[in-house]
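Here are a few friendly notes to read with the structure open beside you. Take them one point at a time, and find each residue as you go.

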Amino acid sequence: MKKRNLTFPLTRSLTVMLFVLLAMGACKSKKAVVEAEPEPVPVEEPAPEPAPEPEQPSAEEVAVGKLENYFNAIATANSLQSANNTIREALGMFSNPNTPVLIVIHEESGVKDYDEPTTIERYLNYLKDTKKNLNFISDIRMDGSGKVTELELRRR
């Protein structure tokens with residue numbers, strides 16, 4: 001049999017190192033080493049713009065809303081006294097009780113056909129008597145002081 005010669009220092013040291021490395025590799029955990037991700041660089045975001053304010057309704061839109069409410073209140077009033085009180089309040093929005101009220105009965109190619117013209121006072125009393133509000137406001141004209149000078153209605 002042939003004898004190995006492990007006396008040579010380099011061979012012996014390499015063999016020992018190989019066993020040490022294998023032993024260390026076998027003892028290590030099998031978990032993967034996860035590198036910590038570097039923190040993201042904070043990015044300055046611009047301040048959010050303030051939300052645009054909703055547009056304020058025009059004087060005509062406010063007047064139309066109030067008048068529609070008055071018309072419905074007069075038509076559905078429980079007593080003559082409450083209807084008359086509402087009529088008095090509504091007349092305060094007009095330049096005078098003889099403000100013209102035009103009711104469109106037909107329109108074709110931009111040409112409007114009107115019912116017999118009336119005044120606001122007569123129209124409000126008509127609503128009180130019939131207890132029906134069959135029209136809606138299609139056009140309103142106001143003067144500089146915010147009073148209604150002309151009213152145009154249409155059938156619903």
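1. Let's begin with a term: two strands count as paired if DSSP finds at least two bridges between them. Keep in mind, too, that this is a predicted model. With that in hand, look at strand E4 (residues 135-142) and E5, which run antiparallel and are joined by seven bridges.

2. E4 and E5 form a hairpin with five residues between the strands. Gly-146 in this hairpin takes a positive phi near 85°.

3. E5 has another partner to look for. Strand E5 (residues 148-155) runs parallel to strand E1 (residues 100-108), and four bridges join them. Here Ile-103 has Leu-153 in E5 as its bridge partner.

4. Next, turn to helix H3, which covers residues 80-91 and has 12 residues. From its first C-alpha to its last it reaches 16 Å, close to the 16 Å expected at 1.5 Å a residue.

5. Which residues of H3 are buried? They are Ala-83, Thr-86, Ile-87, Ala-90 and Leu-91. Seen down the axis of H3, these buried residues fall within an arc of 135°, so they line one face of the helix.

6. What do the buried residues of H3 pack against? Their neighbours are helix H2 (59-75) and helix H4 (120-130).

7. Finally, have a look at the aromatic rings, where the count comes to two pairs. In one of them, Phe-71 and Tyr-123 have ring centres 5.5 Å apart and planes at 70°; planes over 60 degrees apart count as edge-to-face, so this pair is edge-to-face. Phe-71 lies in helix H2 and Tyr-123 in helix H4, so the pair ties together parts that are 52 residues apart in sequence.

8. Together with Tyr-126, Phe-71 and Tyr-123 form one aromatic cluster.

Technical notes: Residues numbered from 1 in each chain as written. Predicted model: local features only at pLDDT ≥ 70, side-chain atom pairs only at ≥ 80, totals over all residues. Heavy atoms only, no water. Helix = DSSP H or I, 4+ residues; strand = E, 2+ residues; numbered from the N terminus. Expected span 1.5 Å × (residues − 1). Buried < 20%, exposed > 50% of the residue type's maximum accessible area, 1.4 Å probe, protein only. Arc of directions from axis to C-beta. Contact = heavy atoms within 4.5 Å. Phe/Tyr/Trp six-rings, centres within 6.5 Å; stacked < 30°, edge-to-face > 60°.
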